[in-house]
Amino acid sequence: MTDQANPGAAMAGTPDGATVPPAINGSPAGGATDFLAGLQNAESRQWVESKGYRALDPLVESARHADRIQAEYNEFKTKALTPPAADAKPEDWQAFYARLGRPETAEGYEFRLPQGLPEGFAYDGQSASAYRGWAHEAGLTPRQAQSLHDRFVQHQAGQQSAYVQAVVQRGEAAQSALVRAWGDTDSEAFRQNVEFADRFIRQNGGETLMGELKSSGLISPDGYVLSPALAQAMARAGKALYAEDQFATGGVAGGSRSAAETLYPVDPFRR
């Protein structure tokens, strides 16, 4: 009669009284993939085998590790600064900008002038005030706003320097042209032509005329002639109108600065 003390062993084909070898690393000794005996999905079995798992413990540990990574990622997503969706509400963008570090108001931006600006640089405070509003609207952080501010100011400084240099060059060219037309600056002809032009300006608009000439670029903002053709035309007109006057043959009328000094000052082109 057969001994039924170990029916499972008998059903598995294990002789009565035999001892089942212990599992090694979580895998039964009967085979490297015996731990997958209960896995019904063929694709899942194939995936496990392709990863090289030969026991249950490493597979579970790997799953637990993946679960920890996913949890850490989910926590990171809750803290990460993610831009709102394209159809987000304005208040969502305002909250996002605040988290980035944008000041509460445009006045919260405090700009410093960059180093290396030329002496006498004309800083445009009005433009800077408008830029504060634009920076706040765009959601810029103070550092971003300062960086763009510096770039723009340096660009303006370069443009101003180029303009000043162009005016100097144009003034030097005008000086040379007048010397060729009227003679040396200490000659009588040169002095009289300057006085005729001076008288013409004084009698035909004065400061108003000078303002128009400056805005037209014919005279520099500092009041130095930049157009030799203009100077010669005014000298001819002044001579035709006032040649009989003592002014054109004698001294210049009193005043803080005459147009004659404007047209050809002693030191006309400051650097």
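1. Contact here means heavy atoms within 4.5 Å of each other. With that in hand, welcome to the structure. This is a predicted model, in which local features need pLDDT of at least 70 and side-chain atom pairs count only at pLDDT 80 or more, while totals for chains, interfaces and linings use all residues. Residues are numbered from 1 along each chain as its sequence is written, and side-chain values use heavy atoms, with hydrogens and water left out.

2. Let us start with the overall picture. The chain has ten helices and zero strands, where helices (H or I, at least four residues) and strands (E, at least two) are DSSP runs numbered from the N terminus. Read from that end, the elements run α-α-α-α-α-α-α-α-α-α. Among contacts between residues at least 6 apart in sequence, 65% join residues at least 24 apart.

3. Next, the surface. The accessible surface of the chain comes to about 18200 Å², and 53% of that belongs to carbon and sulfur atoms; areas come from the Shrake-Rupley method with a 1.4 Å probe, and for residues only the protein chains shown count as cover. Of the 271 residues in the chain, 28% are buried. Buried means under 20% relative accessible area, exposed means over 50%, and partly exposed is in between (1.4 Å probe, protein chains only).

4. After α6 comes Gly183, with a positive phi near 95 degrees.

5. Now the aromatic rings. The structure holds seven aromatic pairs. Phe96 and Tyr97 form one that is tilted, at 6.1 Å centre to centre with 50 degrees between the planes. Rings of Phe, Tyr and Trp (its six-membered ring) pair if their centres lie within 6.5 Å; planes under 30 degrees apart count as stacked, over 60 as edge-to-face and the rest as tilted. Phe96 counts as buried because its relative accessibility is 12%, and Tyr97 is buried too, with a relative accessible area of 14%. Tyr109 and Phe111 give a stacked pair, 6.1 Å centre to centre and 15 degrees between the planes. Trp93, Phe96 and Tyr97 form one aromatic cluster.

6. Tyr109 counts as buried because its relative accessibility is 2%. Beyond residues up to four places away in sequence, Tyr109 touches several others, including Arg132, His136, Leu140 and Ala145. A polar atom of the Tyr109 side chain lies 2.5 Å from the backbone oxygen of Leu140. That is a polar contact (a pair of N or O atoms within 3.5 Å; within protein, one must be able to donate a hydrogen and the other to accept it, and residues adjacent in sequence count only if both atoms are side-chain atoms). Tyr109 and Thr141 are 32 residues apart in sequence, yet 8.7 Å apart in space, C-alpha to C-alpha.

7. Leu100 and Gly139 are 39 residues apart in sequence and 8.2 Å apart in space, C-alpha to C-alpha. Setting aside neighbours within four places in sequence, Leu100 is in contact with Leu81, Gly139 and Thr141. Leu100 counts as partly exposed because its relative accessibility is 35%.

8. Asn204 sits in the loop between α7 (188-203) and α8. A polar atom of its side chain lies 2.8 Å from the backbone oxygen of Phe200. Not counting residues up to four places away in sequence, Asn204 touches Leu209 and Tyr242. The face of Tyr242 has Arg199 over it, at 4.9 Å from the ring centre; a charge sits over a ring if NZ of Lys or CZ of Arg is within 6 Å of the ring centre and within 35 degrees of the ring normal. Asn204 is partly exposed, with a relative accessible area of 34%.

9. Finally, Ser227 is in the loop between α8 (207-215) and α9 (228-242). Is Ser227 buried or exposed? Ser227 is buried, with a relative accessible area of 13%. A polar atom of the Ser227 side chain lies 3.1 Å from the backbone nitrogen of Leu230. Leaving aside neighbours within four places in sequence, Ser227 is in contact with Ala174 and Leu218.
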